[in-house]
Amino acid sequence: MSRESKIAWAVVGGLAAVLGALFLPGKVRRELRPEPVGAFVAIQVAGEDFATEGRVEVAAGTSFRLHAVLEAAGRGGRRVFFTQAPALVVGGARIPAADVRPWPGPEKAKVLWFSVEGARPLVELPEGTALDSFRFQQIFRPDWPRAWSIPGTLLPAREAAAGGFENPAERPFGTQRFHVRIELFGVASTLVPVATHDSLPADALPAAADRFPTVIASLPGPLAPPSRVFGLSQLDLQGAARSREAEALQAWYEADLAFSYVALLRAMVDRAGVSWEDLEWRALEIAAGPAWSPSSVAAGDLLRAGERVVVLYEDRGAAGLLDYEDLCFDFRAGARVLSLGEVFSGAGLVEWTRLRPAGERAAAAAGGR
């Protein structure tokens, strides 16, 4: 046989092998395919050409996508990742492009998405109740697509169920955690999956807070601490002071797991470099309408009446003046955006103070000399 004939037969044999693999029975194809061993959620931030596992922090209003990832074990222990993400970063390292692939089957994959939240916006823990009695929940999101790749949202399940999903751009900040379940169905099993793979479950919290798929979006400046607690449960330790539980709750707040009114206000004054006792409060009449400006009332300022304290958020009224239509962050029953008219009603004065970083206060003082 000539050399040319040998080459031709080799090409034909190679093509036959490829075509044979494409049309192999499902059982044989499964044996050749890397075996799925687990699932996780990867997050792709707008402008990035890759998705990453774990915790992501972004500026308020930044869009992101959620990608379901099915990890599989290939020959020789090689890790392969089935996903629609353009590329993956796992454990801080970029995965070779050859190891990131779309799901090949033959089983049909169904992807179900969940958010991981507290049961209620405000959870009261009576005296004698341990903090670890609080449980995080996986909440199935029927309002999200059942697809390998979906647009991300920070909207909690309870707000979506109440119709808040109609205008999600109204609150482009907060914290949300995610869970995915990938169910594989065989040709003869369309009702019961032949295999199910889940990402980190809700009961992995709080221990796995640093690696749980999480997106935290916060506003700039003094609104950063209060804006990032939206979507989290507010925990109220009732009864006499409990130092051990208070310390644990402070740690949860710092890990963006939950928050308390006290921890949040402390974070805001600490960020400004002041103490609560040193704040200067001035009487103010909302209806009198001082102007919104850097030298007057501004976002991040505090208003209080008695023990009720709110954070000024946004001017919504007329002519740039403070009025009852303007928005604030309220933390009486979980984090909410309310108008000042929904918090303070009737005639009378409230107290106002401004949180300024130490450098800004020094500059203002120097400018006034």
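This is a predicted model: local features need pLDDT of at least 70, side-chain atom pairs count only at pLDDT 80 or more; totals for chains, interfaces and linings use all residues.

Trainee: Fine. Where is Pro206, then?
Mentor: Pro206 is in the loop between strand 14 (195-198) and strand 15 (214-218).

Trainee: And what is the peptide bond from Leu205 to Pro206, cis or trans?
Mentor: That bond is cis, with omega near 10 degrees. Another cis bond joins Gly105 and Pro106, with omega about 10 degrees. Pro106 sits in the loop between strand 8 (100-101) and strand 9 (108-117). Most peptide bonds are trans.

Trainee: What about phi of Asp256, positive or negative?
Mentor: Positive, near 60 degrees, and Asp256 is not a glycine. The residue lies in the loop between helix 5 (243-254) and helix 6 (261-271).

Trainee: Is Asp256 buried or exposed?
Mentor: Asp256 counts as buried because its relative accessibility is 5%, and the cut-off for buried is under 20%.

Trainee: Switching to rings. How many aromatic pairs are there?
Mentor: The count is 16. In one of them, the ring centres of Phe173 and Tyr313 are 5.7 Å apart and the planes are at 80 degrees, so the pair is edge-to-face. Phe173 is in the loop between helix 3 (157-161) and strand 13 (174-185), and Tyr313 is in strand 19 (residues 308-314), so the pair ties together parts 140 residues apart in sequence. Both residues are buried.

Trainee: Which residues form a cluster with them?
Mentor: Phe230, Phe259, Phe329 and Phe331 form one aromatic cluster with Phe173 and Tyr313.

Trainee: And what sits over the ring of Trp281?
Mentor: The charged end of Arg304, 3.9 Å from the ring centre.

Methods. Residues are numbered from 1 along each chain as its sequence is written. Side-chain values use heavy atoms; hydrogens and water are left out. Helices (H or I, at least four residues) and strands (E, at least two) are DSSP runs, numbered from the N terminus. Buried means under 20% relative accessible area, exposed over 50%, partly exposed in between (1.4 Å probe, protein chains only). Rings of Phe, Tyr and Trp (its six-membered ring) pair if their centres lie within 6.5 Å; planes under 30 degrees apart count as stacked, over 60 as edge-to-face and the rest as tilted. A charge sits over a ring if NZ of Lys or CZ of Arg is within 6 Å of the ring centre and within 35 degrees of the ring normal.
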